[in-house]
Amino acid sequence: MKAVQLTGYGVPSEVCQCIDLPDVASPGPGEVTLKVLAGPINPAELLIFEGRYASKPELPYQPGIEAVGVIEQIGEGVTSVSVGDKVISLGRQNWVQRVNLTQEQVIKVPDSASTGQLAMLKVNPATAWLMLTDYVSLQPGDWVVQNAANSGVGHSLIQLARANGWRTLNVVRRDSLIDPLKAAGADAVLVDDDDLGERARDVIGQGKAPLGIDAIAGTATTRLADCLDDGGMVVNYGFLSGDACQLTPNQTVFRDISLKGFWLAKLMGGMSRETLTGMYAKLAGSIADGTLHTPIEATYDLDAISAALDHAHRESRDGKILVTPNGAID
Ligand SMILES: NC(=O)c1ccc[n+]([C@@H]2O[C@H](COP(=O)([O-])OP(=O)(O)OC[C@H]3O[C@@H](n4cnc5c(N)ncnc54)[C@H](OP(=O)(O)O)[C@@H]3O)[C@@H](O)[C@H]2O)c1
């Protein structure tokens with residue numbers, strides 16, 4: 001069977017290749033065999049390949065932080081899923097045609113929901129949801145200001161905020177995104193620049209803006225904080241600029257702006273199975289009813305992994321890049 005393997009650290013498309021592995025054995029007690037249908041190429045994946053993530057896995061390494069698939073076989077004692085169920089994988093080695101996982105590592109999802117959308121359920125919708133709900137007690141009509149707003153997380157945040165009565169002010173780096181993001185549910189969209197704070201305050205008016213969501217870091221954090229109320233909080237969850245988050249003394253001392261970091265992997269590690277399945281049931285339901293939708297720009301078979309990684313690395317994409325280990329998906 002086909003699998004992707006990382007053999008060194010460097011340019012993602014050069015250090016990953018599609019290899020042939022023996023098929024998986026029958027699942028052991030408490031295990032299932034998952035036929036992997038699709039998984040996205042997330043920025044974290046690219047950071048791992050470049051050796052810039054929180055940890056460097058031992059090589060050779062089989063990547064794939066998230067995926068959706070269908071249960072093909074179950075081992076003795078498996079009760080939570082059956083053959084034919086569509087599930088997401090909580091394992092982190094999913095860019096392969098089949099993988100054996102424990103039954104605790106899979107969560108059943110609605111068969112009716114789009115496979116491509118479910119492929120992206122584990123990371124970005126959960127990230128958006130937890131950042132919206134874990135840091136600030138948002139009131140109806142409050143504004144949330146986010147940058148890199150056309151990202152996967154950005155789309156989920158816009159849609160989840162709207163569904164819960166919060167407004168979003170979305171910061172992007174190109175004009176061409178204004179109309180598509182408004183069509184996706186954004187209340188306001190601004191192109192980033194030094195006067196972002198002033199323009200944001202014009203939009204927000206008498207409204208409240210207690211929460212900023214930062215994927216970029218560097219001086220983008222400063223500009224995001226300029227959009228918030230005094231006493232507001234910036235939650236930083238990415239470093240797309242490659243720089244450290246910057247806040248000025250005026251922001252921290254006189255305006256009481258605070259900064260917190262968010263890392264989904266750490267939060268998920270501390271969640272009970274019940275909390276985790278409850279969160280994913282809610283988010284999968286939002287995919288099934290059309291509330292949550294992330295644009296997909298292209299899908300690739302595993303043997304085109306280099307082209308897929310080059311594509312995922314490109315700026316100005318109109319959606320996520322997915323790998324589809326067992327061919328075309330719905
Ligand atoms: N901490 C966590 O637990 C966690 C969880 C999920 C995601 N993340 C992070 O969240 C971020 C977004 O992830 P995603 O999967 O949603 O991304 P994605 O869908 O792949 O989109 C990437 C986005 O980043 C923008 N971008 C890239 N470099 C930029 C820069 N230097 N300045 C401004 N914008 C830039 C792109 O804008 P253009 O379209 O203009 O190129 C695009 O909107 C990543 O940094 C990822 O690592 C963190």
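## The chain ends

Helices and strands are DSSP runs numbered from the N terminus, and Met-1 is found in the segment before strand S1 (2-6). The model described here is predicted.

Met-1 has 16 C-beta neighbours inside 10 Å and therefore counts as partly exposed, since a residue is buried at 20 or more such neighbours and exposed at 12 or fewer. Leaving aside residues up to four places away in sequence, Met-1 touches Leu-21, Asp-23, Val-96, Gln-97 and Arg-98. Although Met-1 and Pro-325 are 324 residues apart along the chain, their C-alpha atoms are separated by 9.5 Å.

## The nonpolar core

The largest nonpolar core has 88 residues. Ile-88, Val-109, Leu-118, Leu-121 and Val-145 are those with the most contacts inside this core. Both domain 1 (2-120 + 294-323) and domain 2 (124-264) give residues to the core, so it lies between them.

Val-109 illustrates these contacts. Apart from residues up to four places away in sequence, Val-109 touches Val-68, Lys-86, Val-87, Ile-88, Leu-118, Leu-121 and Ala-284.

## The shell around the ligand

There are 26 residues around the ligand, and Pro-43, Ser-151, Gly-152, Gly-238 and Leu-264 come nearest. By class, this shell comprises 12 nonpolar, nine polar and five charged residues.

Three helices each supply at least two residues of the shell: H2 (43-50), H4 (124-133) and H5 (152-163). The shell lies between domain 1 (2-120 + 294-323) and domain 2 (124-264), because both domains give residues to it.

## Helix H5

Helix H5 has 12 residues. From its first C-alpha to its last, H5 reaches 17 Å, close to the 16 Å expected at 1.5 Å a residue. Just after this helix, Gly-165 takes a positive phi of about 85°.

Of the 12 residues of H5, 10 are buried, so the helix is largely enclosed by the rest of the structure. The buried residues are Gly-152, Val-153, Gly-154, His-155, Ser-156, Leu-157, Ile-158, Gln-159, Leu-160 and Ala-161. Gly-152, buried in H5, is also one of the residues that come nearest to the ligand.

The buried residues of H5 pack against both helices and strands. The helices are H4 and H6 (178-183), and the strands are S8 (143-146), S9 (167-172), S11 (211-214) and S15 (320-323).

Methods
Residues numbered from 1 in each chain as written. Predicted model: local features only at pLDDT ≥ 70, side-chain atom pairs only at ≥ 80, totals over all residues. Core = buried A, V, L, I, M, F, W, Y, C linked by C-beta atoms within 7 Å. Domains from an automatic or database assignment. Contact = placed C-beta atoms within 7 Å. Near = placed C-beta within 6 Å. Helix = DSSP H or I, 4+ residues; strand = E, 2+ residues; numbered from the N terminus. Nonpolar A, V, L, I, M, F, W, Y, C, P; charged D, E, K, R; others polar. Expected span 1.5 Å × (residues − 1).
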